[in-house]
Amino acid sequence: MFYFWLQTAYTPFPVTDILIPVMVAIMATIVMSIVYKNKPKIDRGRVIIYFQLSYRRKLIRSLWTFPIHIVIILLAIYITHMRLTVEILVFIVFLTGNCLQIGYNYCMYKKTEA
């Protein structure tokens, strides 16, 4: 019923279209972080799950997926036809998030390497 109410109320930006996937992603990240918290981290070989990687491998994965993320974000912006201010805001938020993730992984890699 709550979901129906949010969809019928007038909103200039569909809140539930963004809120529900973001909440699911946040919950999945929290669960995976807890599950792999004290497990040994893998530095060699192929690993699919991001949380199993060492900080060096996380940094490498973040660096080579960065251009892919930019292309996906630009395609999503092009397909959705949002207002220009929203498009710029979304692009800046994702770009900042990726840069922060790369910076954090680099700092933690240098810290654990020493």
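Modeller: Helices (H or I, at least four residues) are DSSP runs, numbered from the N terminus. L19, for instance, belongs to helix α2, residues 15-35. The model is predicted: local features need pLDDT of at least 70 and side-chain atom pairs pLDDT 80 or more, whereas totals for chains, interfaces and linings use all residues. Numbering starts from 1 along each chain as its sequence is written, and side-chain values use heavy atoms, without hydrogens and water.

Colleague: Is L19 buried, partly exposed or exposed?

Modeller: Buried means under 20% relative accessible area, exposed over 50%, and partly exposed in between (1.4 Å probe, protein chains only). L19 is partly exposed because its relative accessibility is 41%.

Colleague: Which residues of α3 are buried, and what covers them?

Modeller: The buried residues of α3 are R57, K58, L59, R61, S62, T65, I73 and I77. Their cover includes α4, where contact means heavy atoms within 4.5 Å. Y106 lies in that helix α4, residues 84-113, and its C-alpha atom is 6.1 Å from that of L59, 47 residues apart along the chain. Y106 itself is partly exposed, because its relative accessible area is 44%.

Colleague: Where does helix α3 bend?

Modeller: A bend at a residue is the angle between axes fitted to the seven residues ending there and the seven starting there. Helix α3, residues 55-80, bends by about 40° at T65, and the proline P67 follows within four residues. Just after α3, H81 adopts a positive phi of about 55°.

Technical notes. Helices (H or I, at least four residues) and strands (E, at least two) are DSSP runs, numbered from the N terminus.
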